[in-house]
Each structure stands twice: as structure tokens, then as C-alpha cells.
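Me: I have a structure to go through. Can you take questions as I look at it?

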Amino acid sequence: MNGVLYDVMIALGERKVLGALRRELLAPLWGEILEVGAGTGADFPYYGEQAHVIALEPDRAMAVRAQPRAQRCAATIDLCIADDTTLAQFAAASMDAVVFPLVLCSLPEPAATLMQARRILKASGTLVLLEHVRSDGMLGRIQDALTPAWRAVAGGCHLNRATRQLVHAAGFDTSALRTHRLPRLFLIRDLLFGYAYPAWEPA
Ligand SMILES: C[S@@+](CC[C@H](N)C(=O)[O-])C[C@H]1O[C@@H](n2cnc3c(N)ncnc32)[C@H](O)[C@@H]1O
């Protein structure tokens, strides 16, 4: 996707909601951090200088816009053209944090990727989420019905991903995750955000 177009589409959401959530989640992080699906680098300005971030982004058109942002921020950021399957190449217990920013909705195999995140996180590590998720009630049923068409036009994005359940099943304590209800947006209404922690070894 064209990175300029993406940034225009998301600009209002950044100003109203996302920017503040990114700051709250990312500023306290330190050490070795893996970010999956960095897009145009919207997260980069919020990391502190104590963070060394390896940022994966498979779409070159998005990464082109992320690269200059990686160079002008406080953290050290290594941007790689790579997708989530790259997690398999990292050593076990090597990361202080793994960050999923608006990306789990688009991954083809989110359960497998979350298991890899669990594997590469240190026992003291943090899984960081900022994700839109399936809503309850009628809206959830509408999201179920529209997801096949939505995926085709929105880069594989699922409107109806049950992300909290997937994170829990991958061996994380999800009790500290919070939700935010977006105002006046029809198809995407609920954000799941916060920290999840390694809790047990998944089978
Ligand atoms: C909705 S954008 C979010 C971008 C950015 N993280 C943000 O918060 O603005 C989703 C991003 O995930 C990337 N993506 C899609 N499939 C992916 C995969 N299998 N592995 C890693 N990233 C992927 C897309 O290229 C896109 O940049």
C-alpha cells in the first residue's frame, strides 16, 4: 500500500486516539524490542532512547516512508523488509518486548505467530498490543459477514479477529489488556491494547 495514502487515512485516528495509546504503551519500553508490521513507522517517535527496535515490514512501499522516521527518532531502529515468519529465526528468550501494532488482524496465521512471540520473549518480557478486534452483538455478526470481502480490499485485514483469545491461547496472561471503544466508526469499533505477559508454556 502507498505509505502516504496510509498516513492520510489514519491521520485523524492518530490525533484523536492512537497517538496517545502509542505513547502510553511504547515510551516505557527498553532493551531488545521486535516490532511486527511497522508500516510507515507510526510507532517510531514514541520509543525512548533506551530502546533497540528491530522493525519488520514486508511492504516496501510502506517501508520507504518508515525509513526516514527510523533515522530521526530517539531509539535505535533497524528496519527490515520481512514478514512475521521471520520470528522463527530469532533465538528463544531473546526479546524484552514484542510489539504488534494494528497488524494481528492481517496476519495469515496469527496463532502461530503469537506462539513464536511467546518463544522469543524473555520470561520477564512484554507482549505489546494495539489491535482492533471483533465486537460483541450485532456489530460482531456484521463484521463476520463482511470480513471475506473486507479482506480482499484491505490487505488481508480481518474485521472479526478474536485477538484476546488468540493471545491467551499462545500462553499469555491477558488480564492487563484493556479495551477502547472508538466513537462514530461503523465497521471497526473496539480496540484491544496494553501489555500481556508470558504465563505458561503452550502445548
Ligand atoms: C494496518 S497496517 C499498520 C501499520 C503500523 N503498524 C501502524 O500502526 O500504523 C498493517 C501493516 O502490517 C503489515 N503486514 C501485513 N501482513 C504482514 C505479515 N504477514 N507480517 C508482518 N507485517 C505484515 C502491512 O504491510 C502493514 O504495513
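**Contacts and core**

Me: Leaving aside neighbours within four places in sequence, what is Val167 in contact with?
Reply: Val167 is in contact with Leu114, Leu127, Leu129, Phe172, Thr174 and Ala196. Contact means C-beta atoms, placed from the backbone, within 7 Å. This is a predicted model: local features need pLDDT of at least 70, side-chain atom pairs count only at pLDDT 80 or more, and totals for chains, interfaces and linings use all residues. Residues are numbered from 1 along each chain as its sequence is written.

Me: Which residues touch the most other members of the largest nonpolar core?
Reply: Ile33, Tyr47, Val53, Val98, Leu127, Leu129 and Val167, out of 49 residues. Such a core is a set of buried Ala, Val, Leu, Ile, Met, Phe, Trp, Tyr and Cys residues joined through C-beta atoms within 7 Å. Buried means 20 or more other C-beta atoms within 10 Å of the residue's own, exposed 12 or fewer, partly exposed in between, with C-beta atoms placed from the backbone.

Me: Which strand gives this core its largest share?
Reply: Strand β5 (residues 121-133), with six residues. Strands (E, at least two residues) and helices (H or I, at least four) are DSSP runs, numbered from the N terminus.

Me: New topic. Which residues of α2 are buried?
Reply: Met62, Ala63 and Ala66. Seen down the axis of α2, its buried residues fall within an arc of 85°, so they line one face of the helix. The arc is taken over directions from the helix axis to the C-beta atoms.

Me: And what is exposed on the other side of α2?
Reply: Arg60, Pro68 and Gln71 are exposed there.

Me: What covers the buried residues of α2?
Reply: The cover includes α1 (3-26) and β3 (76-80).

Conventions
Contact = placed C-beta atoms within 7 Å.
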